[in-house]
Amino acid sequence: MRVSEEEVRRVAELARLAFSEAELRQLAGEFNRILEAFAKLNEVDTTGVPPTAHVLKVKNRFRADQVRPSLPRAEALGNANAVKDGSFVAPLIME
Amino acid sequence: MKFEAVIGLEVHAELSTASKIFCACATKYGAEANTQTCPVCLGLPGTLPVLNEKAVEYCIRAGLALNCRIADFSKLDRKNYFYPDLPKAYQISQYDLPLCRDGFLTLASGKRIGITRIHIEEDAGKLMHSPEGEGFSLVDYNRAGVPLIEIVTAPDLATPEEAVEFLEKLRRILIYLGISDCKMEEGSLRCDANISLKPAGAETLGTKTELKNINSFKALGRALAYEIERQAELLAEGKTVKQETRKWEEAKQRTLSLRSKEDTQDYRYFPDPDLVPVELDQAYVAAIAASLPELPEAKKRRLIEEYKLPEYDADLLTGSRHLADFFEAVLKDYCNPKAASNFIMGELFRLMGEEGLAPEALALNPAHLADILRRIDQGELSVSQGKKVFEKAFRTGASPAEIIAAEGLRQISDEASLRTVVTQVLAAHPQSVNDYLNGKTKVAQFLTGQVMRETKGQANPQLIKELLEEELAKLRP
Amino acid sequence: MELCDLTLHEIKDLFAQKEVLPSLVMASVVKRIEEVEEKLGAYLALDLEAAMAAARAADERIKAGRALGPLDGIPVAIKDNLCQAGRESTCASRILQGFVPPYTATAVQKLLEQGALVPGRTNMDEFAMGSSTENSAFKPAKNPWDPERVPGGSSGGSAAAVAAGEAIAALGSDTGGSIRQPAAFCGVTGLKPTYGLVSRYGLVAFASSFDQIGPLAKDAEDCALMLAAIAGYDPLDSTSVRNGQVDYPKELEREVAGRTIGLPREYFGEGLDPEVRRLIMAAVAHLEELGVRVVELSLKLTEYALPVYYLISSAEASSNLARYDGIRYGRAAAGREDLAAYYTRTRAEGFGPEVKRRIMLGTYALSAGYYEAYYQKAQQVRTLICREFEEAFRVVDAIVTPTSPTLPFRLGERLADPLAMYLSDVCTVPVNIAGLPAVSVPCGFAQGLPVGMQIIGRPFAEATILNLAHQYQKVTVHHRARPYGRRRGEQNEV
């Protein structure tokens with residue numbers, strides 16, 4: 001299965017990453033080499049084999065419905081680049 | 001050509017847990033922005049989710065009440081997409097193994113509407129749109145991580161009326177279960193609708209549109225009606241319906257294209273490795289089933305059968321589990337169901353309306369209402385006095401006995417003393433007596449009023465009427 | 001000999017005898033940092049004043065005979081992907097520059113509560129993606145045995161710091177070998193615990209189903225002391241496990257005679273440096289002399305481990321790293337007019353090339369149409385790999401392999417070829433796939449460079465593999481070699 005530059009561009013868009021044309025070409029090349037090497041997985045017969053859900057077969061981890069104090073607002077906002085009126089500033093949403 | 005509509009709903013209800021689904025922050029509505037957040041629900045690097053067991057229990061309650069199969073193995077998945085209200089850039093939800101599936105809800109007509117699935121997921125934060133011209137938006141993450149259930153119906157609904165009835169019934173059930181307060185205006189109940197048209201009787205489905213931004217029951221009905229008309233027009237003109245998401249614009253009462261299918265996101269669902277599978281044993285599910293309250297439909301049937309109430313009364317009373325409970329509590333101390341129902345639907349509803357009080361917030365002691373109704377029946381209070389006492393009890397919480405004593409509100413049913421008042425009134429109003437005797441029987445009302453005035457409104461009106469007639473008869477020449 | 005070249009347990013004993021105080025050890029560490037740090041780049045941030053102040057407080061406890069435990073007053077370096085309240089925690093990424101978490105990782109918190117001193121936060125490959133620490137956005141770390149060579153990665157800073165005496169022990173994280181491979185490259189002992197034994201809360205996620213925190217230290221006994229300090233169930237991590245408390249230090253002294261270890265054929269085949277093979281076989285011979293039974297075995301699915309690991313870890317990473325958008329924390333690109341463009345710019349500017357490559361690979365493996373072929377297939381093969389290990393552990397108590405098939409490579413040597421770099425992890429990733437514990441133990445030098453032996457155990461059998469490692473170290477000296485401040489009368493066995 002060859003991955004085209006176009007496909008790499010689509011994936012970049014999905015991942016919210018941007019690459020120059022040269023980088024895209026290189027990435028497509030790397031993708032193809034990596035995926036080619038990884039294609040050997042198809043040699044393994046996995047008919048009826050369940051995908052691993054959790055390596056240790058742990059299940060049912062719950063917490064009780066109890067409220068604990070939240071962060072003070074100043075701390076919650078403390079790492080934000082921009083803050084206004086107690087809120088985080090985000091890019092302009094048109095919708 | 002005649003078309004039939006095919007409608008399915010996706011309903012989101014916020015669960016009324018005390019804490020969020022994956023962290024211990026409070027879920028209270030209306031708190032100041034970003035005061036109910038922590039490293040986990042802000043999606044800070046290195047933080048991990050731990051599932052709130054109440055969220056699972058509540059979802060199963062909903063599933064059982066809606067006749068679903070409860071999964072014995074379930075898991076949580078990540079739904080990946082970028083949006084500023086989504087702190088981790090993925091929503092923890094359930095993809096292929098929801099907690100509940102294959103249920104149904106029955107409409108009044110007897111038609112069963114399939115419930116395809118119910119799953120748990122986390123809510124996103126709230127985006128506040130750009131202050132005019134400032135070129136940015138603001139985000140409040142208080143709501144991020146509030147637990148939701150998403151209920152997906154089969155495309156079994158055929159009319160906007162059915163859709164509205166379904167949603168109303170569903171809402172009533174969720175409130176009865178005590179798992180959500182379902183306030184559409186606060187966003188704790190949200191509904192998207194899928195709708196397509198097909199020629200009447202046809203098997204194949206048409207192209208559907210998804211309707212968003214439906215903020216009330218009325219809007220649901222109107223948005224669907226609008227969309228049916230819009231799609232029918234397109235099809236009648238030989239045009240095609242575009243598969244797209246459309247937004248209901250309340251102000252303009254129309255739907256508007258939001259995005260087409262080509263822009264549909266690739267959510268890249270995969271099992272969330274930070275959470276472990278949920279495997280429910282039958283005993284656990286059985287214990288939840290045993291703890292379910294009587295549901296609205298069953299309660300309504302029972303009120304009709306047990307108390308011989310008209311369907312109309314039973315329907316109104318079971319509109320809220322709290323109200324129905326109140327009604328039954330009144331009947332513990334009072335044995336005329338219809339009278340109690342009348343009083344609740346009349347006086348109580350009026351006062352609650354005036355106060356804007358939800359049934360859940362009703363603090364009135366049902367024994368007080370029973371007491372008032374009994375006193376009216378025994379003639380101790382007139383109906384209007386009863387209403388007065390009731391209003392006082394409603395507003396102050398005082399007992400009827402206290403109110404009656406404080407206000408001196410006792411009905412005079414003592415015949416001898418009332419007859420004295422009646423004869424005095426007749427003596428003081430010879431003209432009216434004359435008029436009455438000359439056939440103007442209407443003046444009886446005036447005379448009754450005078451007796452009432454003399455007794456400060458405490459006379460038993462029925463008795464006044466009888467005594468007046470007797471005394472006037474004596475004066476006939 | 002300098003104090004900073006001693007082991008944790010030696011220093012602990014000196015404290016107990018009140019012959020030395022924490023501030024003296026800390027001063028020795030500071031001095032060493034001043035001497036070598038510029039050359040090695042083991043740290044991204046130093047916090048020496050605070051550590052010194054903490055040392056003086058520890059002095060008082062030691063003097064009063066009220067030590068908080070074996071770690072009280074011990075300088076322990078922290079990998080930069082473990083959150084520490086009030087300390088910039090960057091994961092060696094530009095995108096997290098300036099991020100100061102308001103909370104502390106559970107493992108770090110436990111160390112602090114037991115009196116450990118934190119001299120600073122160590123260098124690493126960006127978001128722990130890499131095998132050389134060259135992917136650090138800020139500077140590469142160097143191998144203290146040969147600064148022209150890489151210290152391994154991604155916990156290269158932690159390994160270099162411990163080897164060089166810039167810390168007595170360190171915390172690292174291991175997703176596909178990130179503790180063991182740098183431990184091997186730097187000649188220290190590094191333990192990756194069973195998945196779930198140490199809470200991941202506060203460890204910035206790379207691949208959630210593989211990530212595990214563990215110690216890098218000077219020998220197995222130090223690792224046991226560190227593990228005892230950080231292991232345990234944490235209600236903040238759903239994947240952490242309730243495991244009966246094990247006294248790891250005590251278990252070190254068990255007899256190993258009668259234990260069985262397996263040598264899997266597939267780890268000794270093509271691509272294994274002959275010198276590495278020679279040293280591993282010599283170490284195995286040492287174990288045999290201790291009465292350990294050695295059997296050969298086959299783990300046929302080993303060749304599929306790399307694709308399974310890279311597909312799943314990249315898929316998880318693509319999702320884990322999606323949150324870096326500059327809104328709540330971290331660096332943001334300028335301009336907020338267009339949502340999609342803002343995201344793309346912020347992430348394109350903030351992430352380095354290897355991180356982007358993995359996000360791309362992972363996004364692809366999860367995207368519509370490829371999920372079944374890549375992600376799901378990999379998870380199915382993962383199930384089979386787990387079963388294969390289970391089978392093997394019916395026969396053996398531990399599995400012994402090289403930690404890395406090659407000696408530490410030169411800086412820049414593998415940067416141009418991602419696949420070649422991925423091959424560095426070929427011996428370590430199967431362990432993460434199955435969630436098993438494994439320790440890398442120094443087993444000699446080739447061309448003046450350290451070589452590590454990997455001992456893999458059953459789930460939660462840390463005591464068993466540390467026991468083997470410790471008994472081996474009791475009869476060998478490789479773990480005692482130091483790149484600086486050699487002990488008088490001791491020679492590195494080169």
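Two residues are in contact if their C-beta atoms, placed from the backbone, lie within 7 Å. The legends below describe close-up views of a predicted model.

**View 1. The contact between chain C and chain A.**
This contact takes 52 residues from chain C and 37 residues from chain A. On the side of chain C that touches chain A, two or more residues come from each of α10, α11 (339–350), α12, α13 (372–395) and α14 (418–423) of chain C. Of these elements, α13(C) has the largest share, with 10 residues. Sorted by class, the side of chain C that touches chain A holds 29 nonpolar, 14 polar and 9 charged residues.

**View 2. The contact between chain C and chain B.**
Here 36 residues of chain C are in contact with 28 residues of chain B. Two helices of chain C, α10 (305–320) and α12 (353–366), each supply at least two residues of the side that touches chain B. The element that gives the most to this side is α10(C), with 3 residues. The side of chain C that touches chain B divides into 20 nonpolar, 8 polar and 8 charged residues.

**View 3. The open sheet of 9 strands in chain B.**
The strands of this open sheet follow the order β3-β7-β8-β11-β1-β12-β13-β14-β15 in chain B, and their pairing is mixed. At the edges are β3 (69–70) and β15 (254–260) of chain B, each of which pairs on one side only.
Two helices of chain B lie across strands of chain B. Helix α1 (residues 53–65) of chain B lies across β3, β7 (100–106), β8 and β11 of chain B, and runs at about 175° to β8(B). Helix α3 (residues 217–236) of chain B lies across β1, β12 (189–199), β13 (209–214), β14 (244–249) and β15 of chain B, and runs at about 25° to β12(B).

**View 4. Strand β11 of chain B and its partners.**
Strand β11 (residues 147–153) of chain B is largely enclosed by the rest of the structure, because 5 of its 7 residues are buried. In the order of the sheet, β11(B) stands between β8 and β1 of chain B.
With strand β8 (residues 112–122) of chain B, β11(B) pairs in the antiparallel sense over 7 bridges. One pair of bridge partners is B:E122 and B:P147, the latter in β11(B).
Strand β1 (residues 3–14) of chain B also runs antiparallel to β11(B), and 5 bridges join the two. B:A13 stands opposite B:I149 of β11(B), and B:E10 stands opposite B:V152 of β11(B).

**View 5. An open sheet of 4 strands from chains A and B.**
The order of this sheet is β2(A)-β3(A)-β10(B)-β9(B), with antiparallel pairing. β2 (83–84) of chain A and β9 (126–128) of chain B stand at the edges with a single partner strand each, so one side of each is left without a neighbour in the sheet. The two chains meet where strand β3 (residues 87–91) of chain A pairs with strand β10 (residues 136–140) of chain B in the antiparallel sense, over 4 bridges. In this pairing, A:V89 stands opposite B:L138 of β10(B).

**View 6. Helix α12 of chain B against helix α15 of chain B.**
Helix α12 (residues 415–428) and helix α15 (residues 461–475) of chain B have axes that come within 10 Å and cross at roughly 55°. The helices α12(B) and α15(B) are therefore oblique to each other, and their crossing is right-handed. From α12(B), the residues B:E415, B:L418, B:R419, B:V422, B:T423 and B:L426 meet B:L463, B:I464, B:L467, B:L468 and B:E471 of α15(B). The residues of this contact divide into 7 nonpolar, 1 polar and 3 charged.

**View 7. Helix α12 of chain B against helix α14 of chain B.**
α12(B) packs with helix α14 (residues 443–454) of chain B at an angle of about 125°, and the axes are 10 Å apart. α12(B) and α14(B) are therefore oblique to each other, and α12(B) passes α14(B) in a right-handed crossing. B:V421, B:V422 and B:V425 of α12(B) make the contact with B:L447, B:Q450, B:V451 and B:E454 of α14(B). By class, the contact of α12(B) with α14(B) has 5 nonpolar residues, 1 polar and 1 charged.

Terms used
Residues are numbered from 1 along each chain as its sequence is written. Chains are lettered from A and ligands numbered from 1 in the order in which they are written. This is a predicted model: local features need pLDDT of at least 70, side-chain atom pairs count only at pLDDT 80 or more; totals for chains, interfaces and linings use all residues. Ala, Val, Leu, Ile, Met, Phe, Trp, Tyr, Cys and Pro count as nonpolar, Asp, Glu, Lys and Arg as charged, and the others, Gly among them, as polar. A residue is buried if 20 or more other C-beta atoms lie within 10 Å of its own, exposed if 12 or fewer, and partly exposed in between; C-beta atoms are placed from the backbone. Two strands pair if DSSP finds at least two bridges between them. Axes are lines fitted to C-alpha atoms, for helices over the stretch in contact, and angles run from 0 to 180 degrees between N-to-C directions. Angles under 35 degrees count as roughly parallel, over 145 as roughly antiparallel, 65 to 115 as roughly perpendicular and the rest as oblique. A crossing is left-handed if the near helix is turned anticlockwise from the far one by less than a right angle, and right-handed if clockwise.
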